[in-house]
Amino acid sequence: MAHESLTQEEVLLEGFLLLDTPECLRAELIDGEIVVTGLPDGEHETYISRIVRQVIRKSATEMDFSGNKGLKVPRHARTVPDHVIPDGTLVPHDQRLFRGAGPWMDCAGVSMVVEVTSTKPDRDRGAKRHCYANGNIPLYLLVDQEKGSVTLFSDPEPEKADYREAVTAPFGKAINLPAPFSFPLETADFL
């Protein structure tokens, strides 16, 4: 019986999907590299909590939230998709996208992903931004602890693996979230 030969990317994906990552770590496959990170600290989780609380209370569209949901992101000119885990994933409640989804779900229907920088901030500022644009995720909200700012990336251009628009506000200033959220995200309590 002949076996199909696997590409190096396919072998990497198979190995990645077979990882038995301990509960205190999370593993992602970003740009052909397996990235393992530890659990976030309390400061990191405080930013996520404050964002989620506002989305639940103020969003024009009712949203479901998942912390650390695995997303499969297509890669142009590659056979193996990236496998990323945003700090937060928001989807319209009525779409019920999380129900029945496996550990790694497609990006279709995701309204916004959220990242809070931590030990490797350049990964969130660059590689993960490119992943989310590749996945055609409409909004990417980046809370940059080091810079003391919040940046909203919008209008993805998957062919270029980036967003056309970026608006940054320092902590303490509101940043407007467009539809389907349609409210100003307050960051005064980020200080």
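**Exercise 1. How many salt bridges does the model have, by the rule below?**

The count comes to 12 salt bridges, a salt bridge being a side-chain nitrogen of Lys or Arg within 4 Å of a carboxyl oxygen of Asp or Glu. This is a predicted model, in which local features need pLDDT of at least 70 and side-chain atom pairs count only at pLDDT 80 or more, while totals for chains, interfaces and linings use all residues. Residues are numbered from 1 along each chain as its sequence is written, and side-chain values use heavy atoms, with hydrogens and water left out.

**Exercise 2. Describe the salt bridge between Arg-50 and Asp-189**.

Step 1. The closest N and O atoms of this pair are 3.4 Å apart.

Step 2. Arg-50 sits in helix α2 (residues 42-58) and Asp-189 in the segment after β13 (183-185); the two are 139 residues apart, and the pair links distant parts of the chain.

Step 3. Arg-50 is partly exposed because its relative accessibility is 25%. Asp-189, at 33%, is partly exposed as well.

**Exercise 3. Are Lys-160 and Glu-157 buried or exposed?**

Step 1. Their side chains meet in a salt bridge at 3.9 Å, N to O.

Step 2. Lys-160 has a relative accessible area of 61% and is therefore exposed. Glu-157 has 17% and therefore counts as buried.

**Exercise 4. Work out the surroundings of Arg-125**.

Step 1. Arg-125 is found in helix α3 (residues 121-134).

Step 2. Its relative accessibility is 14%, so Arg-125 counts as buried.

Step 3. Leaving aside residues up to four places away in sequence, Arg-125 touches Leu-142, Asp-144, Glu-146 and Lys-147; contact means heavy atoms within 4.5 Å.

Step 4. Asp-144 and Glu-146 also join Arg-125 and Asp-122 in a network of salt bridges.

Terms used
Helices (H or I, at least four residues) and strands (E, at least two) are DSSP runs, numbered from the N terminus. Buried means under 20% relative accessible area, exposed over 50%, partly exposed in between (1.4 Å probe, protein chains only).
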